[in-house]
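Colleague: I am new to this structure and would like to learn how to read it. Could we go through it feature by feature?

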Amino acid sequence: MMKTVFRPVALAVTILVPQTGASTAATVDHINPPARLMVEHAEILILDGAASEGYLTIWNGTMTQANLISVRSDGFGKVRIRQGGTKVAPAKDIFPIPGHAELKMTEDGIRLELAGPSVPVSQADRSDLTLVFGNGLTLTVDATIVRSRDLLTDHHHGEEDQLID
């Protein structure tokens, strides 16, 4: 079963000016999120020696739909957007994120598959991820590397973050 989570949230009207930007792991106000496209959380889960999964929470605080078309990384030779649970199927080419909604990647939904690390994952604690959107916008984030599924952030829009139990 596929699980994609979009959470619409009412906010003030703003205009998005497409641009190249960067997002960091800075503290995000989840109660009053900014009226812009941003990555709220970026984590890479190390599954075994070389396999890894990436989990992002992307907030689109604009009035315009954002279309995620690819993700790349200097830290990994291959990054694919995957969709589905235990029977993993390749994802579609475009992941729309409606205005005033978020895309939350999950284990049984949309997630990243990362392979070919440039350094042994046992030696890394962070890695970059660059998100490419259909309008030309790119966001580069510094993803935290975690080594246990229970250390992933349990994010619910409008609430403080928890660790997954």
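Modeller: From the N terminus on, the elements run β-β-β-β-β-β-β-β-β-β-β-β-β-β, which amounts to 14 strands and zero helices in the chain. Helices (H or I, at least four residues) and strands (E, at least two) are DSSP runs, numbered from the N terminus. This is a predicted model, in which local features need pLDDT of at least 70 and side-chain atom pairs count only at pLDDT 80 or more, while totals for chains, interfaces and linings use all residues. Residues are numbered from 1 along each chain as its sequence is written, and side-chain values use heavy atoms, with hydrogens and water left out.

Colleague: What share of the 165 residues in the chain is buried?

Modeller: Buried means under 20% relative accessible area, exposed over 50%, and partly exposed in between (1.4 Å probe, protein chains only). Here, buried residues make up 43% of the 165 residues.

Colleague: Which way do the residues of strand β9 point?

Modeller: In strand β9 (residues 101-104), Ala101 and Leu103 point one way, Glu102 and Lys104 point the other way, and all are buried.

Colleague: How many bridges join strand β4 to β9?

Modeller: Two strands pair if DSSP finds at least two bridges between them. Strand β4 (residues 52-60) and β9 run antiparallel and are joined by four bridges, with Asn60 standing opposite Ala101 in β9.

Colleague: How many salt bridges does the structure hold?

Modeller: Side chains of opposite charge can pair when their charged atoms come close. A salt bridge is a side-chain nitrogen of Lys or Arg within 4 Å of a carboxyl oxygen of Asp or Glu, and the structure holds six of them. One of these joins Glu53 and Arg149, whose closest N and O atoms are 3.5 Å apart. This pair links distant parts of the chain, since Glu53 is in strand β4 and Arg149 in the loop between β12 (138-146) and β13 (153-154), 96 residues apart.

Colleague: Are Glu53 and Arg149 buried or partly exposed?

Modeller: Glu53 is buried, with a relative accessible area of 13%, whereas Arg149 is partly exposed, at 28%.

Colleague: Which residue forms a salt bridge with Arg80?

Modeller: Glu113 does, with the closest N and O atoms 3.0 Å apart. Arg80 lies in strand β6 (residues 76-83) and Glu113 in strand β10 (residues 110-117), so the pair ties together parts that are 33 residues apart in sequence. The side chain of Glu113 also meets that of Arg82 in a salt bridge (3.7 Å, N to O), and Arg82 is buried, with a relative accessible area of 9%.
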